[in-house]
Amino acid sequence: SNAPEVKVISIGGEIAPDDPRASFGSAGADVALAETATTAIVIETRNVEEASQVQVRVTPRSNANATVINATVSSVVSTSPLVVRWSATLPVNVGYSGVQVKVVRP
């Protein structure tokens, strides 16, 4: 119960599933975005210090040109347990992209 956790809450205002299962095939995306240049992502961490670095990696299906964006703290939801919301602005590519989040703790 005290282990660090990270999860994507929403992308572009669309709620992300707790257990994403989409693949890059035609079965459908976990989150579908309107055509735009950038979009917001909201991330939640539990038992992760605010001094940590939260990184979001976006990789388009069509090539290996991944982009890594650093998220910033947007709010502290709870102090016991420590729950922090982070946000970042992501580039949006046409077609499918994979989104991964990682935490680098101090």
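Which residue in E7 does Thr38 stand opposite? Thr38 stands opposite Pro91. The points below concern a predicted model.

1. Sheet order. Five strands form an open sheet in the order E2-E1-E3-E7-E6, and the pairing is antiparallel. Strand E2 (14-15) and strand E6 (72-79) are the edge strands; each has a single partner strand, so one side of each is left without a neighbour in the sheet.

2. Pairing of E3 with E7. Strand E3 (residues 38-46) and strand E7 (residues 82-91) run antiparallel and are joined by 9 bridges. Another pair is Val42, which stands opposite Ser87 in E7.

3. Pairing of E1 with E3. These two strands also run antiparallel, with 6 bridges between them. Ser10 has Val42 in E3 as its bridge partner.

4. Salt bridges, Arg85 and Glu44. The model has 2 salt bridges. In one, the side chains of Arg85 and Glu44 meet with an N to O distance of 2.8 Å. This pair links distant parts of the chain, Arg85 being in strand E7 and Glu44 in strand E3, 41 residues apart. Arg85 is partly exposed, at a relative accessible area of 28%. Glu44 has a relative accessible area of 11%, which means that Glu44 counts as buried, the cut-off being under 20%.

5. Salt bridges, Arg105 and Glu49. Arg105 forms a salt bridge with Glu49, and the closest N and O atoms are 2.9 Å apart. Here too distant parts of the chain are linked: Arg105 lies in the segment after E8 and Glu49 in the loop between E3 and strand E4 (53-60), 56 residues apart. Arg105 is partly exposed at 41% relative accessibility, and Glu49 is partly exposed with a relative accessible area of 33%.

6. Largest pocket, extent and centre. The largest pocket holds about 870 Å³ of space. Its lining consists of 34 residues, and those nearest the centre are Ile11, Val31, Ser97, Gly98 and Val99.

7. Largest pocket, lining. Strand E1 (5-11), E7 and strand E8 (97-104) each supply at least two lining residues. E8 gives the largest share, 5 residues. By residue class, the lining of the largest pocket divides into 21 nonpolar, 8 polar and 5 charged.

How values were computed
Residues are numbered from 1 along each chain as its sequence is written. This is a predicted model: local features need pLDDT of at least 70, side-chain atom pairs count only at pLDDT 80 or more; totals for chains, interfaces and linings use all residues. Side-chain values use heavy atoms; hydrogens and water are left out. Two strands pair if DSSP finds at least two bridges between them. Helices (H or I, at least four residues) and strands (E, at least two) are DSSP runs, numbered from the N terminus. On a 1 Å grid over the protein atoms alone, a cavity is a set of points where a 1.4 Å probe fits but cannot get out, and a pocket is an open set with protein on both sides within 12 Å along at least five of seven lines; lining residues have an atom within 4 Å of a point. Grid points are joined across faces, edges and corners, and a volume is the space filled by probe spheres set on the points. Ala, Val, Leu, Ile, Met, Phe, Trp, Tyr, Cys and Pro count as nonpolar, Asp, Glu, Lys and Arg as charged, and the others, Gly among them, as polar. A salt bridge is a side-chain nitrogen of Lys or Arg within 4 Å of a carboxyl oxygen of Asp or Glu. Buried means under 20% relative accessible area, exposed over 50%, partly exposed in between (1.4 Å probe, protein chains only).
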